[in-house]
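Please look over the sequence and the fold below.

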Amino acid sequence: MFTSLNSLPVYTAHSLPEQAALRELFEKNGLEYSVSLRDANAPEGFYPALSPDMLFTQNIEYIFLVYKKDWQKAAALLQDAWHWEEPAITE
């Protein structure tokens with residue numbers, strides 16, 4: 001089960017096609033992941049419930065989370081097979 005204690009964000013997708021392609025890449029390579037949705041226009045720290053209509057009308061961010069133990073593997077996969085730059089991790 002993904003929690004804030006055992007997972008890290010590894011990538012943020014900004015469209016449905018991009019997040020679908022990333023899901024396929026992770027699944028093809030056997031990486032477990034979770035996706036958190038966030039309205040990019042919402043104030044920081046405010047996460048309203050997202051309806052299906054919002055997915056098509058709002059600027060939604062799809063935040064991909066992986067287990068901490070898999071972060072390096074996910075980072076390497078994204079660097080090799082995706083358009084990605086390593087984010088700064090703060091703990």
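Glu 61 is part of strand S3. The model is predicted. Is Glu 61 buried or exposed? Its relative accessibility is 15%. The cut-off for buried is under 20%, so Glu 61 counts as buried.

Which residues does Glu 61 touch, leaving out those up to four places away in sequence? Thr 12, Ala 13 and His 14 are among them. Ser 36, Leu 37, Arg 38 and Ala 40 complete the list.

## Strand S3 and the sheet

S3 covers residues 60–67. Eight of its eight residues are buried, so the strand is largely enclosed by the rest of the structure.

The sheet is open and has three strands, in the order S1-S3-S2. Pairing is antiparallel. S1 and S2 stand at the edges. Each has a single partner strand, so one side of each lacks a neighbour in the sheet. On average, neighbouring strands are turned by 30° against each other, direction ignored.

## Bridges on both sides of S3

Strand S1 spans residues 7–13. Six bridges join S1 and S3 in the antiparallel sense. Ser 7 has Tyr 67 as its bridge partner in S3.

## The overall layout

How many helices and strands does the protein have? There are three of each: three helices and three strands. Along the sequence they follow the pattern β-α-β-α-β-α.

Of the 91 residues, 35% are buried. Take the contacts with a separation of 6 or more: 71% of them are between residues 24 or more positions apart. The accessible surface comes to about 6,000 Å². Carbon and sulfur atoms account for 53% of that surface.

Helix H3 covers residues 71–81. Its buried residues are Trp 71, Ala 74, Ala 75, Leu 77 and Leu 78. They cover an arc of only 165° around the axis, which puts them on the same side of H3.

What do the buried residues of H3 pack against? They pack against S1, helix H1 and S3. H3 lies across S1 and S3 and runs at about 20° to S1.

## Aromatic pairs

How many aromatic pairs does a search of the whole structure find? The search gives five. One of them is Tyr 11 with Trp 82, an edge-to-face pair. The centre-to-centre distance is 6.0 Å, with 90° between the planes. This pair links distant parts of the chain: Tyr 11 is in strand S1, and Trp 82 is in the segment after H3, 71 residues apart. Both Tyr 11 and Trp 82 are buried.

Phe 26 and Phe 64 are also paired. Their ring centres are 5.9 Å apart and their planes are at 90°, so this pair is edge-to-face. Phe 26 lies in helix H1 and Phe 64 in strand S3, so the pair ties together parts that are 38 residues apart in sequence. Phe 26 is buried, at a relative accessible area of 0%. Phe 64 is buried too, at 0%. Together with Tyr 33, Phe 26 and Phe 64 form one aromatic cluster.

## Glu 32 in the loop

Glu 32 sits in the loop between H1 and S2.

Glu 32 and Val 66 are 34 residues apart in sequence, yet their C-alpha atoms are 6.4 Å apart in space. Beyond its neighbours within four places in sequence, Glu 32 is in contact with Phe 2, Leu 65, Val 66 and Tyr 67.

Notes. Residues numbered from 1 in each chain as written. Predicted model: local features only at pLDDT ≥ 70, side-chain atom pairs only at ≥ 80, totals over all residues. Heavy atoms only, no water. Buried < 20%, exposed > 50% of the residue type's maximum accessible area, 1.4 Å probe, protein only. Helix = DSSP H or I, 4+ residues; strand = E, 2+ residues; numbered from the N terminus. Pairing = 2+ DSSP bridges. Contact = heavy atoms within 4.5 Å. Areas by Shrake-Rupley, 256 points an atom, 1.4 Å probe, with all protein chains shown as cover. Arc of directions from axis to C-beta. Phe/Tyr/Trp six-rings, centres within 6.5 Å; stacked < 30°, edge-to-face > 60°. Axes fitted to C-alpha atoms, helices over the stretch in contact; angles between N-to-C directions.
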